[in-house]
Amino acid sequence: MTENDITNNTDSRHIHGSGDAEVSTYLGIAKEKSGQQPISGGQPVSGAERETIIVIDFGSQYSHLIARRIRELHVYCELLPHDTPWEKIAELNPKGFVLSGSPASVYEDGAPLAASYVYEKHLPVLGICYGMQVIAHQLGGKVVAGQKKEYGHAVLHVGDVDSPLFADFPTSSPVWMSHGDRIEELPQGFKSLAHTENSPVAVMGCDNIFGLQWHPEVVHSQYGTTILKNFVFDICHCQGNWTIGNFVNVSLERIKEQVGQRKVISAISGGVDSSVVSTLIHKAIGEQLTCIFVNTGLLRREEADRTLAVFRNNFHMNIIYVDATERFLSRLSGITDPETKRKTIGAEFIKVFEEEASKLEQVDFLAQGTVYPDVIESASSTAATSVKIKSHHNVGGLPSHMTLKLIEPLRFLFKDEVRQVGLELGLPEEMVWRQPFPGPGLSIRIIGDVTHEKLEILKSADWIVMEEIKKANLYRQLWQSFAILTDLKSVGVTGDFRTYGHLVAIRAVTSNDAMTADWARLPYDVLATISSRIVNEVPGVNRVVYDITSKPPATIEWE
């Protein structure tokens, strides 16, 4: 390894494998389906004040956490695929780049690398784990497979305490490592700024380009936020002007500008996302918005009546109610594959909207409560650095022939940010803090085909779960809690009789944004009450189990 003084600027370095590739539809940045031009609430403020930190995503499971941590500093941040062209980046007025981790190795054929503009635009760059190795590889250093892999806790020892990256950072600190490769030779001009026992180059730097072999975005790195704060404010010189208030104001202006005097229809389901997006658009354009509430038959018990009462009585919105229960159940008949369920529901949903829109005066826009986790989980990068987990009906289920243009002002917000927008708009707390409910409804909580009988069983079991969770004052502490009707049956005994009944699973998780989640340690007496009530009150169920799997490796929903 070499530790040379800074001698060259980035424009004099040879950059390996950095050509711009055609933009993918990973986050809908260039969503070009016929008739689908999403209006997305993105940039925090307009004009010269607008500033963005771009996280270049190479497929790490932690990529979304980087964006969250930077937004928590009141600096707007977007997660974009590594092959996004500069024209799309420039629209966001970038102040710096963060290169994410990846399961790949930079020396492998076809490994994702940074586009040339990352170095040529002379903006600050922070590489994290694989991102650091990308910098080293592309700027002339050497990355090799390490003899010792480094996973978990390590102690970082700072060698250059005067670096702006280490302001207010202790000389030694616990950090989180997750890598198998290491830097054998530094690029010209770079030097090691910190080390761990197994990584002589745990931090490197040259001018305004830095690399970290560890992950500052995870909570296990005690002073990780300090590093991100120093990079964003002291090195990128961001102002920290992204707030929920700014987001709301800019979104209102953007919606008014895009819609003009035309008409918008919006899906209302009673969930947080649809409630917030409809309220936001209603505040922007008033009577030009018509909300359509489609009862798919896949909602929880009493949900339709409660939702109608809230929006008609409290918010005085124009609402068209459509009871399409039989229509959706007919379309779902015999379908057992979860992806097919989601896409079937999504396609039918759009058909209902188009049918209802045709009964109104000219309607041009469809508003959706798509949020960032929906987009990320439904993403499939052209470079195959990210893997689609499952499609969401408002992301992956839209037909190409759809004639309505999309308005998705929440598209780049995490769920907790959506809740903040709801409070900013004056929505009642009980609605804002409602637990997330999937777009496909109870259909993906019934394993296998969906029938009237199974829906009634699940609605009854789910009602009991909700009642007992709320009685125990646990509702606000949980991200989600619900019942699943499995496709299993088991032998039981009721009184003196043998039964062969359904198996219901209970799922309760804690999370901040649904990208990761941990199973909730519910009190045993609460679980016992839930189990007892379900097997005694719900006909056809004789066994209850509790899911104790976190995400990853599981997802929150079973389908």
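Student: Is Arg68 buried or exposed here?

Tutor: Arg68 is buried, with a relative accessible area of 7%. Buried means under 20% relative accessible area, exposed means over 50%, and partly exposed is in between (1.4 Å probe, protein chains only). This is a predicted model, where local features need pLDDT of at least 70, side-chain atom pairs count only at pLDDT 80 or more, and totals for chains, interfaces and linings use all residues. Residues are numbered from 1 along each chain as its sequence is written, and side-chain values use heavy atoms, leaving out hydrogens and water.

Student: Which residue does Arg68 form a salt bridge with?

Tutor: That partner is Asp416, and the closest N and O atoms are 2.9 Å apart. Asp416 lies in helix 12 (residues 415–424) and Arg68 in helix 1 (residues 63–71), so the pair ties together parts that are 348 residues apart in sequence. Helices here are DSSP runs (H or I, at least four residues), as are strands (E, at least two), numbered from the N terminus. Asp416 is partly exposed, at 24% relative accessible area.

Student: What counts as a salt bridge?

Tutor: A side-chain nitrogen of Lys or Arg has to be within 4 Å of a carboxyl oxygen of Asp or Glu. Side chains of opposite charge can pair when their charged atoms come close.

Student: How many salt bridges are there by this rule?

Tutor: The count comes to 26. One of them joins Arg434 and Glu303, with the closest N and O atoms 1.8 Å apart. Arg434 sits in the loop between helix 13 (429–432) and helix 14 (452–471), while Glu303 is in helix 8 (residues 303–314), so this pair links parts 131 residues apart in sequence.

Student: Are those two buried or exposed?

Tutor: Arg434 counts as buried at 12% relative accessibility, and Glu303 counts as buried at 9%.

Student: New topic: how many helices and strands does the protein have?

Tutor: The secondary structure comes to 15 helices and 19 strands.

Student: And how much of the protein is buried?

Tutor: Buried residues make up 61% of the 559 residues.

Student: What about the accessible surface?

Tutor: The accessible surface comes to about 22700 Å², and 48% of that belongs to carbon and sulfur atoms. These areas come from the Shrake-Rupley method with a 1.4 Å probe; for residues, only the protein chains shown count as cover.
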